[in-house]
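Here are my notes on the model, point by point. Please have the coordinates open while reading.

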Amino acid sequence: MKYDGLRALAYVERGTVRLVSRRGNTYKSFPALCRTLAACLSVVLDGEIDYLGPDGKPQFHDLMRRPRSQYFYAFDLLWLNGRDHRGLPLLERKRRLRDIVPAAPSSVLYVDHVVGTGVDLFEAVGRNDLEALLPSGPTRRTRRKSRRE
């Protein structure tokens, strides 16, 4: 699912967190989110920063005002404890990601991979007036640079 927020890489190293945009700019206005992410291990996560409105839907316009309750939707694990995971199949990275994302309630949320229900999921996205779907094969390896290179 495509959320309506800011795409970011989260670099977590020894309790220090940097949230970096696709263009390499560091987001500096999400300190509470960084404090939550600091509890993760030494890791690079691919995800999206979002704000959920009262209806539970992502609200990009309100996110730009930097509300207090932001969320980081983690949907891929690129590095863990100094090891590059980008060469692993997507479902293996997702399994490892699930193991390190804090349990609810948390402002860091695991984004699951849905297999085999594309039509149903597409219809649900439309019914709920959400952004879009981003299809991805279960064995996909990522070429996304993590800026550690």
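1. Start with the charged network. Glu92, Arg95, Arg96 and Asp99 are linked by salt bridges. A salt bridge here is a side-chain nitrogen of Lys or Arg within 4 Å of a carboxyl oxygen of Asp or Glu. One of the links joins Arg96 to Glu92, with the closest N and O atoms 2.7 Å apart. Arg96 and Glu92 are four residues apart in helix H3, so about one helical turn separates them. Arg96 is partly exposed at 28% relative accessibility, and Glu92 is partly exposed at 23%. For reference, buried means under 20% relative accessible area, exposed means over 50%, and partly exposed lies in between (1.4 Å probe, protein chains only).

2. Ground rules. This is a predicted model: local features need pLDDT of at least 70, side-chain atom pairs count only at pLDDT 80 or more, and totals for chains, interfaces and linings use all residues. Residues are numbered from 1 along each chain as its sequence is written, and side-chain values use heavy atoms, with hydrogens and water left out.

3. Confidence. pLDDT is the predictor's confidence in each residue, from 0 to 100. The chain averages 78, and 67% of the residues score at least 70. Residues 139–143 stay under 50. The model has 16 contacts for that stretch beyond four places in sequence, a contact being heavy atoms within 4.5 Å. Where pLDDT is low, the predicted coordinates should not be read in detail.

4. Overall layout. The chain has four helices and seven strands. These are DSSP runs, numbered from the N terminus: helices are H or I with at least four residues, strands are E with at least two. Along the sequence the pattern reads β-β-β-α-β-α-β-β-α-β-α. Of the 149 residues, 40% count as buried. Among contacts with a separation of 6 or more, 64% come from residues 24 or more positions apart.

5. Strand S1 (residues 6–13). Six of its eight residues are buried, so S1 is largely enclosed by the rest of the structure. S1 pairs with S4 (residues 43–51) in the antiparallel sense over seven bridges; pairing requires that DSSP finds at least two bridges between the strands. Ala8 has Gly47 in S4 as its bridge partner. S1 also pairs with S2 (residues 16–20), antiparallel, over five bridges. There, Leu9 stands opposite Val20. The hairpin of S1 and S2 has two residues between the strands, and Arg14 takes a positive phi near 50 degrees.

6. The structure holds eight salt bridges. In one of them, Arg7 meets Asp46, with the closest N and O atoms 2.8 Å apart. Arg7 lies in S1 and Asp46 in S4, so the pair ties together parts 39 residues apart in sequence. Asp46 is buried, with a relative accessible area of 3%.

7. Strand S5 (residues 70–80). Of its 11 residues, 10 are buried, so S5 is largely enclosed by the rest of the structure. S5 pairs with S4 in the antiparallel sense over nine bridges, where Tyr51 stands opposite Gln70. With S7 (residues 108–110), S5 pairs in the parallel sense over three bridges; Phe72 has Val108 as its bridge partner.

8. The hairpin of S5 and S6. S6 (residues 83–84) pairs with S5 in the antiparallel sense over two bridges. Trp79 stands opposite Asp84. Two residues lie between the strands, and Asn81 takes a positive phi near 50 degrees. Asp84 also forms a salt bridge with Arg86 (2.7 Å, N to O). Asp84 is partly exposed at 38% relative accessibility, while Arg86 is buried at 8%.

9. Asp76 is in S5 and is buried, with a relative accessible area of 2%. Its side chain makes a polar contact with the side chain of Arg93 (2.7 Å). A polar contact is a pair of N or O atoms within 3.5 Å; within protein, one must be able to donate a hydrogen and the other to accept it, and residues adjacent in sequence count only if both atoms are side-chain atoms. A polar atom of the Lys94 side chain lies 2.3 Å from the backbone oxygen of Val111.
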